[in-house]
Amino acid sequence: DFLPEPCFPGFKLPPAVGSSAAHLSLRQLAKTLAMGQGLAGLICGTAITSQFLASNFHVNTPMLQSFLNYLLLTVTYTTMLLCRTGDGNFLQILKRRWWKYLLLGLVDVEANYTVVKAYQYTTITSIQLLDCFVIPVLMGLSWWILKARYRLIHSVAVCICLLGVGAMVGADLLAGRDQGSTSNILLGDGLVLLSASLYAVSNVCQEYTVKNLSRVEFLGMVGLFGTIISTIQMTAVRCLCTVYVCSVQLHAYSDKAKQRHLRQPLPAHR
């Protein structure tokens with residue numbers, strides 16, 4: 001994979017060159033596996049802490065959790081973009097592709113929001129298993145957008161994945177029927193499937209951007225627009241909650257006033 005084929009028949013690479021290429025390939029494979037396992041461990045830690053906060057402390061802050069991630073990306077990578085000079089600087093990127101990163105940031109924010117929100121309604125096991133729905137959606141989008149092609153074994157694996165998703169939803173339905181909370185579990189499973197679909201869109205756009213543009217640009221712009229969208233959404237949700245609480249309090253106060261008025265004795269007629 002790292003060395004071109006020889007132009008002359010019968011030509012053989014020296015043993016030292018072949019061994020160094022094999023060593024480089026193994027080292028790159030080990031690095032990729034290590035990075036993938038580290039990422040899986042971090043995602044698992046996020047899932048456990050989100051479930052722990054939602055179940056033990058009743059702390060449901062999906063948008064705040066996403067906001068902190070995007071804020072860190074903004075501080076790190078958007079700052080690097082601001083320090084760029086030349087044709088690929090921050091202002092040139094905004095002029096050319098701002099609306100694309102706005103849509104991508106919206107998709108990524110809602111994907112994070114829905115998966116964290118799902119912990120309020122279903123279990124961590126269901127979320128982690130249903131999250132594999134991202135694989136068939138990602139393969140379909142890669143085939144359509146990135147022109148990727150897959151073998152028969154990949155199609156068989158996707159069918160098995162879809163069967164597992166259906167079995168997991170059915171198991172959740174049976175468990176929820178026994179506990180009397182079928183609607184909440186269905187809502188949680190639906191949020192996970194929606195999040196997986198949005199993650200697939202975000203991952204395809206990420207692969208395209210990283211391969212054709214740069215990793216710093218992708219992370220910096222997604223972090224910037226993700227921070228803006230998260231802030232707007234948090235503010236809107238907080239205002240709606242404040243209005244709802246005030247309306248409930250006013251309704252309760254009016255009910256108490258009516259009850260006091262009904263309890264007062266009528267004046268006697270002379």
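Valine 204 is located in helix 7, which covers residues 182-212. The model is a predicted one. Valine 204 has a relative accessible area of 2%. This residue counts as buried because that value is under the 20% cut-off. Beyond its neighbours within four places in sequence, valine 204 contacts Leu138, Leu141, Ser142, Ile145 and Leu146. Leucine 141 is 63 residues away from valine 204 in sequence. In space, the C-alpha atoms of valine 204 and leucine 141 are 7.0 Å apart.

Valine 204 also falls in an annotated span. The unreviewed UniProt entry places a "transmembrane region" at residues 185-204. In the model, residues 185-204 are 100% helix and 0% strand. The end C-alpha atoms of residues 185-204 are separated by 29 Å. The UniProt record gives the same feature name to residues 33-55, 67-86, 127-146, 153-173 and 216-236. Residues 67-86 are 80% helix and 0% strand. Their end C-alpha atoms lie 30 Å apart.

Helix 2 runs over residues 62-82 and has 21 residues. From its first C-alpha to its last, helix 2 reaches 29 Å. This is close to the 30 Å expected at 1.5 Å a residue. Threonine 74 is buried. Other buried residues in helix 2 include Pro62, Met63, Ser66 and Phe67. Tyr70, Tyr77, Thr78 and Leu81 of helix 2 are buried as well.

The protein as a whole has 8 helices and 0 strands. From the N terminus on, its elements follow the order α-α-α-α-α-α-α-α. The protein comprises 270 residues, of which 28% count as buried. Its accessible surface amounts to about 18,400 Å². Carbon and sulfur atoms account for 68% of that surface. Contacts were also considered by separation in sequence. Among contacts between residues at least 6 apart, 80% join residues at least 24 apart.

The average pLDDT of the protein is 79. A score of at least 70 is reached by 82% of the residues. Over residues 1-11, pLDDT stays under 50. For residues 1-11 the model has 8 contacts beyond four places in sequence.

Key: Residues numbered from 1 in each chain as written. Predicted model: local features only at pLDDT ≥ 70, side-chain atom pairs only at ≥ 80, totals over all residues. Heavy atoms only, no water. Helix = DSSP H or I, 4+ residues; strand = E, 2+ residues; numbered from the N terminus. Buried < 20%, exposed > 50% of the residue type's maximum accessible area, 1.4 Å probe, protein only. Contact = heavy atoms within 4.5 Å. Areas by Shrake-Rupley, 256 points an atom, 1.4 Å probe, with all protein chains shown as cover. Expected span 1.5 Å × (residues − 1). pLDDT = per-residue confidence, 0-100. UniProt positions renumbered as here; feature names shortened; annotations may be inferred.
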